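This report describes one protein chain for a reader who is new to structures. Please look at the sequence and the model before reading on.

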Amino acid sequence: MFVGTGGSPINLMRQVRATGGFYVELPEVRLYVDPGPGALVHARALGLPLEDLDAVYVSHGHLDHYGDADAIVESMCRAMSVRRGLLLAPRSVLEEGLVSAFHQGRRPDVPYPGGPRARALEAGRAVALGDGAVLHPVPAHHGGENYGFVLETPDLRLGYTSDTGYLIAYRNADGERVNVEPGRAVIDFEAAEDVHLDLRAAFADVDVLVANVTFMNHFASRQLTAIGLGDLLTGSHVGQAVITHLDPALTGAGGEDRTPLLAEYVERVSGVPTLVARDGMRLQLHPRGGGVAAAARGGEEGPRA
Ligand SMILES: [Zn+2]
């Protein structure tokens, strides 16, 4: 379930799309990912069972990813009356107190007995979750400590990119090599020349990839972009890509929603079925080998993201 599909500081301020992150429900685990500001209100409106979460995941220390983490943890731990659940976040996020010490479960002096167990994410250290799920952190390239993940169960591999740069250099229409630099848009893209190959490898065979694309071709030094995602998926075995974490710049004059163009582009260049998430959208997750890995539907029961 996509609670909020907005990203970037401009969207954080304006809430054109909500900054609620997403909720994953599988037979093995219930996980809340990147609860930005508004997550609690929107999750409640959607009827999500926050008291039954197994874990809250914060990818990095930007407000659109952790703003409501305290509130979601408070629900997971049932008004901080029960010691249950995991809080997963980069060590720097925990040490800087971006999630409060109380909501990290580290304030035994406070007269509430509940709280989660906080665990710092580390590259190469898988985390067992719920009843048979395993989360593999995937370091992202975005500034500061930041992890996407691959969540693995016997039936499904779900990838999440978090915010990350991917393109390092590309060839333009004149055949020139252009280095991706901060503040410079990717123009006249012909083909990728250098990319973060670690991301290609990490997500190459997930069934569903949730991708924080944010822009078509801007800020590629720190954002995936649709151009980057198209290259990342090309030649992969990804079953379904889902674009989220979008900037309001993708809303055209007169309020026209241009985000479908991102999915069209990515699907055309990569051949991987791609859709754009909407706030409140439920995505049905199918087990491996079940044909199309995911489809956007509403109001169905069963495993969902
Ligand atoms: Zn960020």
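## Overall form

Two residues are in contact if their C-beta atoms, placed from the backbone, lie within 7 Å. Among contacts in the protein chain between residues at least 6 apart in sequence, 60% join residues at least 24 apart. The model is a predicted one, in which local features need pLDDT of at least 70 and side-chain atom pairs count only at pLDDT 80 or more, while totals for chains, interfaces and linings use all residues. Residue numbers start from 1 along each chain as its sequence is written.

The protein chain holds eight helices and 17 strands; helices (H or I, at least four residues) and strands (E, at least two) are DSSP runs, numbered from the N terminus. The radius of gyration, taken over C-alpha atoms, is compared with a globule rule of 2.2 Å times the number of residues to the power 0.38. For this chain the radius is 19 Å, close to the 19 Å that the rule gives for 305 residues, so the chain is as compact as a globular protein of that length. Its C-alpha trace spans about 65 × 45 × 40 Å along the principal axes.

## Confidence

The predictor's confidence in each residue is the pLDDT, which runs from 0 to 100. Its mean over the protein chain is 91, and 93% of the residues reach 70 or more. Over residues 290-302 the pLDDT is below 50, and this stretch has 24 contacts in the model beyond near neighbours in sequence.

Two strands pair if DSSP finds at least two bridges between them. Five strands form an open sheet in the order β1-β2-β3-β4-β5, with mixed pairing. The edge strands, β1 (22-25) and β5 (115-121), each pair on one side only. Neighbouring strands of the sheet are turned by 20° against each other on average, direction ignored. Axes here are lines fitted to C-alpha atoms, for helices over the stretch in contact, and angles run from 0 to 180 degrees between N-to-C directions.

Strand β2 (residues 30-33) pairs with strand β3 (residues 55-57) in the parallel sense over three bridges. Leu31 stands opposite Ala55 in β3. Helix α4 (residues 69-76) packs on the sheet and touches β2, β3, β4 (83-90) and β5; its direction makes about 170° with that of β3.

## Buried residues

A residue is buried if 20 or more other C-beta atoms lie within 10 Å of its own, exposed if 12 or fewer, and partly exposed in between. Buried residues make up 53% of the 305 residues. A nonpolar core is a set of buried Ala, Val, Leu, Ile, Met, Phe, Trp, Tyr and Cys residues joined through C-beta atoms within 7 Å. The largest such core has 91 residues, and those with the most contacts inside it are Val56, Ile72, Val99 and Ala241. Leaving aside neighbours within four places in sequence, Ile72 is in contact with Tyr32, Pro35, Ala39, Leu40, Leu50 and Val56.

Helix α7 is mostly covered, with nine of its nine residues buried. These buried residues pack against β10 (167-172), β12 (189-195), α6 (197-203), β13, β14 (240-244) and α8 (259-270).

## Positive phi angles

Most residues other than glycine have a negative phi. Ser8, in the segment before α1 (9-14), has a positive phi near 85°. Ser8 is buried, with 25 other C-beta atoms within 10 Å. Thr214, in the loop between β13 (208-212) and α7 (225-233), has a positive phi near 70°. Thr214 is buried, with 26 other C-beta atoms within 10 Å.
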